[in-house]
Amino acid sequence: MIDFEPDRSRWEQIADVLRARIVDGTYPPKHLLSEVQLMQEFGVARGTIRKAMQRLRDEDLIYTVPNLGSFVGQPRPTE
(Lines give C-alpha, C1' and ligand atoms only; values in the text may rest on other atoms or scores of the structure.)
Protein backbone atom coordinates (compact mmCIF):
# COMPACT_ATOMS: atom_id res chain seq x y z
CA MET A 1 0.00 0.00 0.00
CA ILE A 2 0.99 3.58 -0.44
CA ASP A 3 0.57 6.47 1.96
CA PHE A 4 -2.26 8.46 0.44
CA GLU A 5 -2.23 12.25 0.54
CA PRO A 6 -5.31 13.43 2.46
CA ASP A 7 -6.01 16.39 0.16
CA ARG A 8 -6.35 14.37 -3.09
CA SER A 9 -8.72 11.57 -4.01
CA ARG A 10 -7.27 8.08 -3.80
CA TRP A 11 -8.24 7.18 -7.37
CA GLU A 12 -6.25 10.16 -8.69
CA GLN A 13 -3.20 9.12 -6.70
CA ILE A 14 -3.51 5.53 -7.90
CA ALA A 15 -3.85 6.75 -11.49
CA ASP A 16 -0.63 8.73 -11.01
CA VAL A 17 1.22 5.63 -9.78
CA LEU A 18 -0.09 3.46 -12.61
CA ARG A 19 0.69 6.16 -15.19
CA ALA A 20 4.28 6.38 -13.92
CA ARG A 21 4.65 2.59 -14.13
CA ILE A 22 3.38 2.61 -17.71
CA VAL A 23 5.66 5.46 -18.76
CA ASP A 24 8.80 4.00 -17.13
CA GLY A 25 8.17 0.56 -18.63
CA THR A 26 7.38 -1.29 -15.41
CA TYR A 27 4.13 -2.24 -17.15
CA PRO A 28 5.05 -2.99 -20.78
CA PRO A 29 2.57 -2.86 -23.68
CA LYS A 30 -0.14 -5.54 -23.51
CA HIS A 31 0.45 -6.03 -19.76
CA LEU A 32 -2.81 -7.07 -18.04
CA LEU A 33 -3.84 -4.74 -15.22
CA SER A 34 -5.72 -6.94 -12.75
CA GLU A 35 -8.32 -5.04 -10.74
CA VAL A 36 -8.14 -7.64 -7.97
CA GLN A 37 -4.35 -7.39 -7.66
CA LEU A 38 -4.49 -3.59 -7.71
CA MET A 39 -7.22 -3.60 -5.04
CA GLN A 40 -5.00 -5.71 -2.82
CA GLU A 41 -1.87 -3.69 -3.53
CA PHE A 42 -3.47 -0.32 -2.79
CA GLY A 43 -5.96 -1.50 -0.16
CA VAL A 44 -8.95 0.14 -1.84
CA ALA A 45 -12.34 -0.87 -3.23
CA ARG A 46 -12.87 -2.02 -6.81
CA GLY A 47 -14.74 1.20 -7.63
CA THR A 48 -11.67 3.24 -6.73
CA ILE A 49 -9.49 1.14 -9.05
CA ARG A 50 -12.07 1.45 -11.82
CA LYS A 51 -12.08 5.25 -11.55
CA ALA A 52 -8.28 5.30 -11.80
CA MET A 53 -8.36 2.98 -14.79
CA GLN A 54 -11.04 5.08 -16.48
CA ARG A 55 -8.71 8.08 -16.22
CA LEU A 56 -5.92 6.06 -17.89
CA ARG A 57 -8.36 4.92 -20.59
CA ASP A 58 -9.34 8.54 -21.20
CA GLU A 59 -5.63 9.31 -21.66
CA ASP A 60 -5.28 6.36 -24.10
CA LEU A 61 -2.69 4.70 -21.88
CA ILE A 62 -4.75 1.55 -21.46
CA TYR A 63 -7.53 -0.21 -23.35
CA THR A 64 -10.17 -2.67 -22.25
CA VAL A 65 -11.25 -5.82 -24.06
CA PRO A 66 -14.69 -7.05 -22.92
CA ASN A 67 -14.48 -10.28 -20.93
CA LEU A 68 -10.66 -10.20 -20.97
CA GLY A 69 -9.57 -7.15 -18.97
CA SER A 70 -7.61 -3.93 -19.25
CA PHE A 71 -4.22 -3.82 -20.91
CA VAL A 72 -1.41 -1.31 -21.33
CA GLY A 73 -1.53 0.30 -24.76
CA GLN A 74 1.27 0.65 -27.28
CA PRO A 75 3.43 3.74 -26.81
CA ARG A 76 2.80 6.52 -29.26
CA PRO A 77 5.66 7.63 -31.47
CA THR A 78 7.20 10.88 -30.35
CA GLU A 79 7.08 13.80 -32.73
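Buried means under 20% relative accessible area, exposed means over 50%, and partly exposed is in between (1.4 Å probe, protein chains only). Keep that handy for the views below. This is a predicted model, where local features need pLDDT of at least 70 and side-chain atom pairs count only at pLDDT 80 or more, while totals for chains, interfaces and linings use all residues. Residues are numbered from 1 along each chain as its sequence is written, and side-chain values use heavy atoms, with hydrogens and water left out.

**View 1. An aromatic pair, Y63 with F71.** Y63 and F71 are stacked, 5.8 Å centre to centre with 25 degrees between the planes. F71 counts as buried at 15% relative accessibility, whereas Y63, at 36%, is partly exposed.

**View 2. Helices α1 and α2 pack together.** Helices here are DSSP runs (H or I, at least four residues) and strands are too (E, at least two), numbered from the N terminus. α1 (residues 10–23) meets α2 (residues 35–42) at about 115 degrees, with the axes 12 Å apart; axes are lines fitted to C-alpha atoms over the stretch in contact, and angles run from 0 to 180 degrees between N-to-C directions. I14, V17, L18 and R21 of α1 touch L38, E41 and F42 of α2 (contact: heavy atoms within 4.5 Å).

View 3. Buried residues make up 30% of the 79 residues.

Notes: Rings of Phe, Tyr and Trp (its six-membered ring) pair if their centres lie within 6.5 Å; planes under 30 degrees apart count as stacked, over 60 as edge-to-face and the rest as tilted.
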